[in-house]
Amino acid sequence: KSTWLLIPSLLRNRMMSLPMSARKITMPCVMEETPYIFPDGSPTLVELLKDCDTFNNLEYSVTLRQRFGFSSTSVKTLLDDVSGEACDGNILAVLGASGAGKSTLIDALAGRVAKESLRGSVTLNGDNVLQSSLLKVISAYVMQDDLLFPMLTVKETLMFASEFRLPRSLSKSKKMERVDALIDQLGLRSAVDTRIGDEGHRLDSTNAFMVVQVLKRIARSGSIVIMSIHQPSARILDLLDRLIILSRGKSMFNGPPASLPSFFSDFGHPIPERENITEFALDLVRELERESTEGTRELIDFNEGWQKKKFARDTTQTASQQALSLKEAIDASVSRGKLVSGSSGSMETISSYANPSLFETFILAKRYMKNWIRMPELVGTRIATVMVTGFLLATVYWKLDNTPRGANERLTFFAFVMPTMFYCCLDNVPVFIQERYIFLRETTHNAYRTSSYVISHSLVTMPQLIAPSIVFASITFWTVGLNGGLQGFFFYILIIYASFWSGSSVVTFISGVLPNIMLSYMVAISYLAYCLLLSGFYVNRDRIPIYWMWFHYISLLKFPYEAVLINEFDDPSRCFVKGVQVFDGTLIGGMSDSGKVKLLQTLGMSLRKRITESTCLRTGSDLLAQQSITQLTKIRGREVVVPTNKHSFMEVSYNKKSKKKRVFSAFGWTMKSLVGR
């Protein structure tokens, strides 16, 4: 189910892991991070660690909180007084039915459980390493699933792992030599250039046996391997050195596989001939579990007495052989030059990371870029979606004019475009969720910093958004007839690009907080809907209740929506309502043009202003004021000049004390104060 490898690493004293799942393994995909290969002359674990990895009296319990009902909590024990040992060059296999505590035991040994709930001791060379940061430096935890980038080849996966784990002081040729040696050791030379995603996930008895064979070679090269497995075959059993059989968190057996027949014979349940001994043992444990708790209690008590009787002498001999502590043994190997240290020859001063942040960012960006280049269908799909949307909008909003109706249609065009840009970013929801466990696994072992991961993904994502932004802007800007010329076009591209980037960032953030795809989609869509409601299109800013105003300013759509409106309408010389057009959409709109002209003349006489059919009654600035867009400009700090001429009916006043300019237009349309424009 999972494999825990303890390997003295020549990669700056840290272990690089080999993912081996006893349930699901395909040989070309037998790697998650890079296990270290011991070249000729390198120390074995006997030289380095002259003792066993021993764990005693491990107990682990969790508190279960009920969602409903008055009973709030209950405590469940997952490990109950479990002890064992795994020596250098050996494989320790943990067996048991589902829920027996196999994964919990390995999680506890790897320091992946809550410290406050775990009791007992884990020693290595006599040093207690339970929940120690040192344990993560010299060991690695391998998850059950194949957490790999499917578009990378076997060799590329190992090379990137070596870049993360090996210090920069080691040349690239040396890193390549170590990777090649690892490929040969794992028997992956024929699949070295095969993409990991091209292989299927097959597990039969032959593949499982080959996987354990690789583990055995790893162990014999100077490693301790602890793994969980379901009902190993007779051939696999011959490769295992020690077994622990668990039942409901308790140890039923602990010892070499060869001791199983005599163990159960002494217990009164001899194993029949030609019977798989592990299948017999697991079946017997299940029968005892079904009978009562007393049945397993009897086997537990018998195991404790049998352990003391058979292995007391071996334990004493093993303890007497220890010469150096763990840190002393590692420091001695570093001083002899058989281990490569990141920056110092002492384990006390070793850095948490093999490389500086800038180098990590470069390697991560290189890996992400390689994955992205090999998935052109994703980029092509996004561009195709943007093109279809652009052509649809171009045909619907073809060549809008500067009439009141055209101005209203421009508003609806922008109100549709901005949310669409953000909804197109929802394809980023599963991206981080798929990489989440790879990220957690690599950062847990200090392969790189979280900040390096975020920066590298941002740097690689930015170029991906350039093409969709240019394509969409090129299709819609000229066909719709937007304002601004070439300068306005580039500003329009910048707004679209910023919308894509901010949308992708927020969606990635949501998927990082909520690892469930469905929940992430629900939250992302709901948030964008609320942003659309309070962005200022459906309800103007001055009409939004004060207790919702905070959401208006954190709305993703507010700033790009206002930016495109400013880009389009921030030109006082453009007129959208002239003369009799002011009556369009009213009861007077059905009158004849001559009647409307007479009505304008009458109105002008009463206002003592000359109003004709060519008099501008509403400009782009008036439309911005109507949308309550008075806080942003293209370039802040510049004064906006509102020209007047004989055809315009506008009054401009300027308050010298408050440095505010107030613009009034006919028929009660008022622009609010424009500060610093």
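Tutor: One term before we start: strands here are DSSP runs of at least two residues, numbered from the N terminus. Also keep in mind that this is a predicted model.

Student: Got it. Which strand does Leu-95 lie in?

Tutor: Leu-95 is part of strand 4, which covers residues 91–95.

Student: And is Leu-95 buried or exposed?

Tutor: Buried, with a relative accessible area of 0%.

Student: What is Leu-95 in contact with, leaving aside neighbours within four places in sequence?

Tutor: Its contacts include Lys-102, Ile-229, Pro-232, Leu-243, Ile-244, Ile-245 and Leu-246, and also Thr-278 and Leu-282. Leu-282 is 187 residues away from Leu-95 along the chain, yet their C-alpha atoms are separated by 8.1 Å.

Student: Nice. Let's switch to helix 4. How many of its twelve residues are buried?

Tutor: Eleven of the twelve, so helix 4 is largely enclosed by the rest of the structure. Among the buried ones are Glu-156, Glu-163 and Arg-165, along with Leu-158, Phe-160 and Phe-164.

Student: What do those buried residues of helix 4 pack against?

Tutor: Against helix 5 (172–186) and helix 12 (357–373).

Student: What span should helix 4 have at 1.5 Å a residue?

Tutor: For residues 154–165 it should be 16 Å, and the end C-alpha atoms are 17 Å apart, which agrees.

Student: OK, helix 13 next. Which of its residues are buried?

Tutor: Arg-382, Val-386, Thr-389, Gly-390, Leu-393 and Ala-394. Looking down the axis of helix 13, you find these buried residues within an arc of 135°, so they line one face of the helix.

Student: Which exposed residues does the face turned away from the buried side of helix 13 carry?

Tutor: Pro-376, Val-388, Leu-392, Thr-395 and Val-396. The buried residues of helix 13, for their part, pack against helix 14, helix 17 (466–480) and helix 18.

Student: Where does helix 19 sit in the chain, and how many residues does it have?

Tutor: Helix 19 runs over residues 517–533, so to speak 17 residues, and reaches 24 Å from its first C-alpha to its last, close to the 24 Å expected at 1.5 Å a residue. Its buried residues are Ser-520, Ala-524, Tyr-527, Leu-528, Cys-531 and Leu-532. They cover an arc of only 140° around the axis, which puts them on the same side of helix 19.

Student: And what is exposed on the other side of helix 19?

Tutor: Met-518 and Met-522.

Student: Which helices do the buried residues of helix 19 pack against?

Tutor: Helix 14 (404–423), helix 15 (429–444), helix 18 (485–513) and helix 20 (549–554).

Student: What caps the N-terminal end of helix 19?

Tutor: Asn-516 does, with a side-chain oxygen 3.0 Å from the backbone nitrogen of Met-518.

Student: While we're on side chains, which backbone oxygen does Thr-461 reach?

Tutor: The side chain of Thr-461 reaches that of His-457, at 2.6 Å. Thr-461 lies in helix 16 (residues 450–464) and is buried, with a relative accessible area of 16%.

Student: Now rings. How many aromatic pairs are there?

Tutor: The count comes to 28, taking rings with centres within 6.5 Å as pairs. In one of them, the rings of Tyr-397 and Phe-413 have centres 5.3 Å apart and planes at 70°, so the pair is edge-to-face. It links distant parts of the chain, 16 residues apart: Tyr-397 is in the loop between helix 13 (376–396) and helix 14, and Phe-413 is in helix 14.

Student: Are Tyr-397 and Phe-413 buried or exposed?

Tutor: Both are buried. Phe-537 and Tyr-538 form another edge-to-face pair, 5.0 Å centre to centre with 75° between the planes. There, Phe-537 is partly exposed at 23% relative accessible area, and Tyr-538 is exposed at 53%.

Student: Which residues do ring pairs link into a cluster?

Tutor: Phe-253, Phe-263, Phe-264, Phe-267, Phe-280, Phe-302 and Trp-306.

Student: Last one: which ring does Arg-235 lie over?

Tutor: The ring of Phe-209, at 4.1 Å from the ring centre. Lys-558 also has its charged end over a ring, that of Phe-559, 5.1 Å from its centre.

Definitions and conventions: Residues are numbered from 1 along each chain as its sequence is written. This is a predicted model: local features need pLDDT of at least 70, side-chain atom pairs count only at pLDDT 80 or more; totals for chains, interfaces and linings use all residues. Side-chain values use heavy atoms; hydrogens and water are left out. Helices (H or I, at least four residues) and strands (E, at least two) are DSSP runs, numbered from the N terminus. Buried means under 20% relative accessible area, exposed over 50%, partly exposed in between (1.4 Å probe, protein chains only). The arc is that of the directions from the helix axis to the C-beta atoms. Contact means heavy atoms within 4.5 Å. A polar contact is a pair of N or O atoms within 3.5 Å; within protein, one must be able to donate a hydrogen and the other to accept it, and residues adjacent in sequence count only if both atoms are side-chain atoms. Rings of Phe, Tyr and Trp (its six-membered ring) pair if their centres lie within 6.5 Å; planes under 30 degrees apart count as stacked, over 60 as edge-to-face and the rest as tilted. A charge sits over a ring if NZ of Lys or CZ of Arg is within 6 Å of the ring centre and within 35 degrees of the ring normal.
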